[in-house]
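Subject: Structure for your review

Dear colleague,

Please find below the sequence and structure that I am handing over to you. A summary of the findings follows.

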Amino acid sequence: MGALSAFAAAPAIAQPAKGPLVLAAASLQESLTAAADAWAAKGNPRPVLSFAASSVLARQIDAGAPADLFISADEQWMDYLAGRQLIAPGTRTNFLTNTLVLVAPTSQPFKLAITPGFALAAALGSGRLAMADPDAVPAGKYGKAALTSLGVWSSVESKVVRAENVRAALLLVARDEAAAGIVYATDARATTDVVVVGSFPATSHAPIVYPLAQLASSRHRDAAAFRTFLLSPAGQQVFARYGFGTQ
C-alpha cells in the first residue's frame with residue numbers, strides 16, 4: 001500500500017462535540033460552571049461559557065456575536081435585546097435572584113450599619129469605593145440606586161472606582177486596592193479575601209433578577225435542552241448552593 005493509500009485509510013480523529021454557547025453575567029462564574037459540569041456529567045457535550053458584564057454581552061449580541069443562550073444580571077439588558085427581536089419568543093424566564101452587599105478587605109474590616117444617611121464616606125476615609133460601572137453594569141446600577149435611596153451617593157461619588165464588571169470590583173477590594181466595594185452576596189462568597197460589612201435593604205434598589213433566554217439566532221440542537229436543565233429542580237439546586245435565590 002502506497003503512502004497516499006495508507007493516509008487515506010487512516011481513521012479520522014474524532015473532534016469532541018461542543019455544547020451550546022452561553023453568554024452570562026460575570027457574577028455567575030462558579031455557579032454556571034458547576035451547572036455546565038452537571039449537564040456534561042449526564043453525557044451531554046459541555047456548554048461553552050463566556051462571562052462578562054451583562055451590558056458588554058448584550059452589545060456583543062446586538063453586534064452579531066454568535067451565541068445560544070444569554071443570562072443577564074438585570075431585566076433592562078434583556079429588554080434591550082427583546083426590543084431588537086434578538087431573543088427567541090417564549091424562551092425568556094426570570095431565573096435567579098440575588099442581594100447586594102458592602103464588602104471590605106479581610107485585612108482591613110470595619111463595622112457600619114447600612115441605614116439611611118449611613119457614614120460611608122467617613123468609613124472610606126482616603127480610600128476608594130469599588131463598584132461595577134454604575135452607568136451601565138447591573139451591579140453598579142443597583143449599587144448607585146441603593147446609595148441614592150439611602151441619601152449617601154453624593155458624598156461618595158468622587159471616591160468611586162468604576163470597574164468593568166462586578167468581579168473586577170470584587171478583585172479591587174480583595175487586593176486591598178479599595179477600602180470597600182459593592183457586590184452581590186454571591187460574589188462575596190467566592191473569596192476569603194473580603195468580609196461582608198452589611199447588606200443593602202431590598203427596598204433601596206430594584207429587585208435583583210437574572211433573566212434567561214435563548215437567542216433568536218441559536219441553531220445548536222442542545223440549546224433548548226440546556227435551558228430546560230438550568231430551570232429544572234436539579235439545575236436550580238446548583239445555583240442555590242452558591243447562594244442564589246431561585247424562582
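How do the residues lining the largest cavity divide into nonpolar, polar and charged? Ten are nonpolar, three are polar and none is charged (Ala, Val, Leu, Ile, Met, Phe, Trp, Tyr, Cys and Pro count as nonpolar, Asp, Glu, Lys and Arg as charged, and the others, Gly among them, as polar).

This is a predicted model, in which local features need pLDDT of at least 70 and side-chain atom pairs count only at pLDDT 80 or more, while totals for chains, interfaces and linings use all residues. Residues are numbered from 1 along each chain as its sequence is written, and side-chain values use heavy atoms, without hydrogens or water.

The cavity

A cavity is a set of points on a 1 Å grid over the protein atoms alone where a 1.4 Å probe fits but cannot get out; lining residues have an atom within 4 Å of a point. The largest cavity holds about 50 Å³, the volume being the space filled by probe spheres set on the points. Among its 13 lining residues, Ala25, Ala26, Ala73, Val137 and Val166 are the closest to its centre.

The sheet

Strands E3 (residues 69–71) and E10 (residues 209–214) run antiparallel and are joined by three bridges; isoleucine 71 has leucine 212 of E10 as its bridge partner.

Yours sincerely

Terms used. Two strands pair if DSSP finds at least two bridges between them. Helices (H or I, at least four residues) and strands (E, at least two) are DSSP runs, numbered from the N terminus. On a 1 Å grid over the protein atoms alone, a cavity is a set of points where a 1.4 Å probe fits but cannot get out, and a pocket is an open set with protein on both sides within 12 Å along at least five of seven lines; lining residues have an atom within 4 Å of a point.
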